[in-house]
Amino acid sequence: MNGLLSLLILLPTAGALAILFLPREKTGPIKALATAVAGLTFFASLPLWFARGFRESAGFLFREDLSWIPSLGVRYSLGVDGIAALLILLTTLLSVISIYASYTAVKTREKEYYIFLLLLETGMIGVFCALDFFLFYVFWEVMLVPMYFLIGVWGGPRKLYAAIKFFLYTLFGSVIMLVGIIALYFFNTTGFLWWKGLGNAPTFDILHFHAIAPQIPPDLQLWLFWAFFLGFAIKVPMFPFHTWLPDAHVEAPTAGSVILAGVLLKMGTYGFLRFSLPIFPSAASTRWVQLTVVVLAIVGILYGSLVAMVQKDIKKLVAYSSVAHLGFVMLGFFALNNAGMQGGVLQSINHGLSTGGLFLLVGIIYERRHTRQIADFGGLSQVMPVYATLFMIIALASLGLPLLNGFVGEFTILVGAFLADWKWALFAGVGVILGAAYLLWLYQRVFFGELKHEENKGLQDVNLREVLTLAPLIVCCVWIGVYPKPFFAMTAPASAKIVAALDAAKGAPPAVAAALSPAPAAPVPSATPVVPAAALPETAPRGN
Amino acid sequence: MSAADFLPWIPVFPLVGFLVNGLVYLVAHSKLGGKDAPLGAHGGGHGEAHAAHAAGPDDHGHGGHVDIPFKAVHTWVGTLASGLSFVFALLVILSWWKETGGHREVVTTLWTWIPMGTNAGWFGAPDFTVDVAFRLDPLSALMLGFVTLIGTLIHVYSVGYMGHDEGYGRFFAYLNLFMFSMLTLVLGANLAILFVGWEGVGLCSYLLIGYYHTKDFAADAGKKAFVMNRIGDWGFLMGLFACVAMFGTVDFNGMFSAVSTNPAIYAAGGIVTFTCLALFVGATGKSAQIPLYVWLPDAMAGPTPVSALIHAATMVTAGVYMVARCNVFFRVSHEWALKTLGEGATVWGLLTHDASFVVAVVGGVTAFVAATIGLAQTDIKKVLAYSTVSQLGYMFLGCGVLAFGAGMFHVFTHAWFKACLFLGSGSVIHALSGEQEMTAMGGLRSKIPHTYRTMLIATLAIAGVPGLAGFFSKDLILGETFIQGHPFLWALAALTAGLTAFYMFRLVKMTFFGEYRGPKETWEHVHESPATMTVPLWILAIGAVLVGWWGIPNFIVPGGNRFEAFLHPAFPVLPPDWTPHPHHASHALEYGLMFGSIAIAGLGILLATTFFYKGSAPWALPAKVVAAFPNAYRWVKNKYFVDEAYETVFVNGLVKKGGRLLWEVDARVVDGLVNGVRHLTVGFSHVSSWFDKTFVDGAVNGVGDTFQAAWKGYGKLQSGQTQGYAFVMAAGAFALVCIYIIFA
């Protein structure tokens, strides 16, 4: 199935181009075309789910590799492992849902709106597919532009402030990451400052950098780790780099919030999995580095939850709950073991589903009442019983009720954290209590009690289209909650590979690596960090 | 048919019932279904909502005015779902009994739930997985039996009790969901599946407490219950993680066989004690023990059948079940504490080393404290609620002194008489159109005879009158407490038994005897409940008489305690050096203890009778006592102000104030920094701009100006006069010659 990834990247852009030729007053066909293209992209991405390869090995499948800028060693190189594949599926699903959910929410400049949404989809898919640093960075930046416009044009009252803040903050992080990328590039070739280069042919091949990870000296690893960290931590966002998020969420249109929470934040977590952990394993597994990130993650969990508790705006509450949820994801990653890693990956997906769902739900009520203040509601379950039920299910998924998705992720993460250091789980676990508190309190104030406000008495319950936007999310929430095995199976080899690389860098007994490879026992790495056979990428480092 | 094959079907019926009832209700009540269903005031009509509901002409019991769409569907689906579970449970238990004689468990694994890969645990690096698996052994069979039976009875009762409530379908959907969760809890073959049920019942409890959700106090109570339970769940999860780290599995078989073959490894350093204490934190949440008990009395905001089923008979005993299930851990913790502390064990040493001792102390103290609060409550359901907290304390006391059989026996007997009491109180409330205050009751004996008789039987049972269910189980716990060497806890528990007898008879006297004290028009309407309500009452009352005979004390009839014999396979055998020396008590002592507790119960009953039903002024004596000890009364009446303290310190203090403080920090400091950077950048831009205009651009413009000036000057030269040009040429030539001469 070569060319599938290119197809996924190009389809939305092609759709956007087609919409360009439609007259702007024909909003019906514009919407239909946008939905159709996004739907088609979703169906085209389904082979990723059914590919058996992800469940068998950590290798990159669906590879495409073309020369692009030979003088710099830049290539158009695509490929996905199980983690990226799952994130692409989430992206295509959420894209079609957010386009479908925008039908009545967006009433101005519809043509441009759908064009930007489709361009955004291209950027997002590209980020997850790129196996070349240069290409990755291009997509990473390309993605910012449509989002900037989505917030800045179709946003709320403070949209310009939020859009610019979002753009600049993220750009700030990415530029520092770019410096890191360039440093890596020079380390691989000629070297720079006092670091002697490896003398390889110039390349931006990410897999090559995975392979040379053990050769990167620890001090350089530390510098580059923090450079990349800044880029990704802002994107995640980790405490204390999170303040762009509530503003962006509150001002963004519903679809923007869904994509922002569902996919854009995952760029950050994905960055850690694809770059920070495998390329700088010795930095990431340095005790003080690990502790710093874990403490930031736990602070994020507790802080995000407590701040969410006192919000008056529903969307802001959900935004702060994202800070807490992403704290869990990061905690899982930096537990540096299989349980934490797998839980973190799954929780990334879970957060996209349940928080995406929450934003959709907030959008539904906002369309009807043009307010998101909690105080403006109360007793809604009497007039909107179906809406109340859907909200309850998604809220329960978000607060981690067993048999819904959130629990599986949080549980696995906390197991990982407990194994790494039981006190981490002890503190992070408090987030589970707070999660229940702020969501149920929100629910109570919005749905229970008397119908105090006259305006709320005539509210219409959800219509079929709105149910259809939420139904796939709820189905996925239940699916992951009850039978998460296929999801774990898809990401297990890839995340086990990362853990093996980290173990090797730590010089730890390769219990995990041994279990990975069918061979009886992998050689125990001695003083010098050596990548065990299982952790080596399948493709040999190429010269150009 | 094999028991194992049909085990998973038991929870499926209520799950299907929930889905059907829920969907039918939603469709009937939504605009999606194209129906204009009545969406007016939800709830109301029953006592739980009576605070805001004028006790005027009641809208139930005399023919309904409320049109409930698909009522028959809800009734039949709801009760059949539970009933089928019961039938299946019976068949499965019987066939299990036939297959194994009750000596070993059967386990069915359905699918792998959470695979976590290979991880380095504390004692190895196994593959961590959690399976969806069910297990039938004596403990779960016991729970399964009474949960499905009492659950079904309460479904039937609800058909009558909730018959006029608009949320009828919603109620049955929740009730079915509860049955599903509770059955998952008791059948789970590992701690994680138990936890699934544990959280599930918590959710249903939340939904059902807040059933009358238009009333703020109901919604508040529901949220309080859920959050308090979550605090407990936090502890449960830590225990669960500790198990994962220790064993690499949370499967009961795997864990318990590992511990019982090699207790020393797992006990070392108090790991097992930590695990036990963490799990017990979970139990205090679910089973309403100190310090997490305050949600249970508030939970009475839910409809009375819910109070009976969830907050008396089944869910709240889940904590006891879990502790009994993990009995090996507690036993090992106990032995480890004794080995570590040696002879000089202090109370403090025991509290920090011996998890079972903590359980016993918490149980004993909770039993006592809750009973004292129960003395002064006037809301009939509140009295029963505190009574439940108190009885749960007994169960933990039993488990804490390692008499897990006794604790579970009390779980079992309590389910019958407490469900009966709650349903009876529901029947009273139903008869009085929603009145719950006992100060507005009295003399109901003749008007609602079935309710009266069944409640009296259940009261005798809970008070510990010989021959009834409560007597056997409570006496067993008291006896074991003394014999295992805890005379203080025994004294506390014995005193509690007296208090129990007192407040329960106070309840009966205030409700059924004396003069009626409520409004006249209500009295006219007082009516006995329909058969759907009285039949379950009688079945439960008969149970409250009979079920105790399953566990006749062994010192009266050797081998009489068939209950413990039945449960015995659920208590794995530990190596001899980890098995406590059996405490042998003389028959005289055991008889003495038994008669002692009978005497205390008798005293309590006697006092209550004297207090509340003597002479022409039935209230004179209690009033005198209250006047004599005003402060004690105030504290007891106000539940020792624990709720207020929690509200101030935790809810308003830590969480809300803390949240607001952090929010300020977030907006001003964290985001302030970001905005500060922005302002700094913009400011710097202004400075740059000024600098740019003044100096950089100034330089550029300066260059320009210079050239311009030069140009102008040069332009002046272009006068067009030939002489001028000739002069300049001549001057130039002269200058060149000069340069040549100087430099050559």
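Predicted model: local features only at pLDDT ≥ 70, side-chain atom pairs only at ≥ 80, totals over all residues.
Colleague: What is the omega of the peptide bond from A:F239 to A:P240?
Modeller: Most peptide bonds are trans. The bond from A:F239 to A:P240, however, is cis. Its omega is near 0°.

Colleague: Are helices α10 and α12 of chain A roughly parallel or antiparallel?
Modeller: Two packed helices are described by the angle between their axes and the distance between the axes. The axes of α10(A), residues 218–235, and α12(A), residues 254–279, come within 7 Å and cross at roughly 155°. Angles over 145 degrees count as roughly antiparallel. The two helices α10(A) and α12(A) are therefore roughly antiparallel.

Colleague: How many residues of the contact of α10(A) with α12(A) are charged?
Modeller: From α10(A) the contact draws on residues including A:F225, A:F228, A:F229, A:F232 and A:K235, and from α12(A) on residues including A:L265, A:M267, A:F272 and A:F275. By class, the contact of α10(A) with α12(A) has nine nonpolar and four polar residues, and the number of charged ones is one.

Colleague: At what angle do the axes of α1(A) and α2(A) cross, and how are the helices related?
Modeller: Helix α1 of chain A covers residues 4–20 and helix α2 covers residues 27–50, and their axes come within 10 Å of each other. The crossing angle is roughly 175°. That makes the relation of α1(A) to α2(A) roughly antiparallel.

Colleague: How many nonpolar residues are in the contact of α1(A) with α2(A)?
Modeller: Among the residues that make the contact are A:L4, A:L7, A:L8 and A:L11 of α1(A), with A:I30, A:L33, A:V37 and A:L40 of α2(A). Three residues of the contact of α1(A) with α2(A) are polar and none is charged, while the nonpolar ones number 15.

Colleague: Is the crossing of α5(B) and α6(B) left-handed or right-handed?
Modeller: The axes of α5(B), residues 168–187, and α6(B) come within 7 Å and cross at roughly 155°. The two helices are therefore roughly antiparallel to each other. Their crossing is left-handed.

Colleague: How many residues of the contact of α5(B) with α6(B) are nonpolar?
Modeller: Residues of α5(B) including B:Y174, B:L177, B:F178 and B:F180 meet residues of α6(B) including B:I193, B:L194, B:W198 and B:V201. The contact of α5(B) with α6(B) has four polar and no charged residues, and the nonpolar count is 14.

Colleague: What is the radius of gyration of chain A?
Modeller: Chain A has 22 helices and four strands. For 544 residues the globule rule gives 24 Å, and the value for chain A is close to it, so chain A is as compact as a globular protein of that length. Its radius of gyration is 23 Å.

Colleague: What is the radius of gyration of chain B?
Modeller: Chain B has 29 helices and two strands. Its value is well over the 27 Å that the globule rule gives for 744 residues, so chain B is more spread out than a compact globule. Along its principal axes, the C-alpha trace spans about 150 × 70 × 65 Å. The radius of gyration of chain B is 37 Å.

Colleague: How far apart do the C-alpha centres of the domains of chain B lie?
Modeller: Chain B is divided into domain 1 (72–575 + 583–637) and domain 2 (644–743). The distance between the C-alpha centres of domain 1 and domain 2 of chain B is 79 Å.

Colleague: Which element of chain B gives the most to the side that touches chain A?
Modeller: In all, 51 residues of chain B are in contact with 54 residues of chain A. At least two residues each come from α2 (9–29), β1 (106–118), α6 (191–209), α7 (216–247) and α28 (642–717) of chain B. With 13 residues, the element that gives the most is α7(B).

Terms used. Residues numbered from 1 in each chain as written. Chains lettered and ligands numbered in written order. Contact = placed C-beta atoms within 7 Å. Axes fitted to C-alpha atoms, helices over the stretch in contact; angles between N-to-C directions. Parallel < 35°, antiparallel > 145°, perpendicular 65-115°, else oblique. Nonpolar A, V, L, I, M, F, W, Y, C, P; charged D, E, K, R; others polar. Domains from an automatic or database assignment. Rg over C-alpha atoms; globule rule 2.2 N^0.38 Å. Left-handed = near helix turned anticlockwise from the far one by under 90°.
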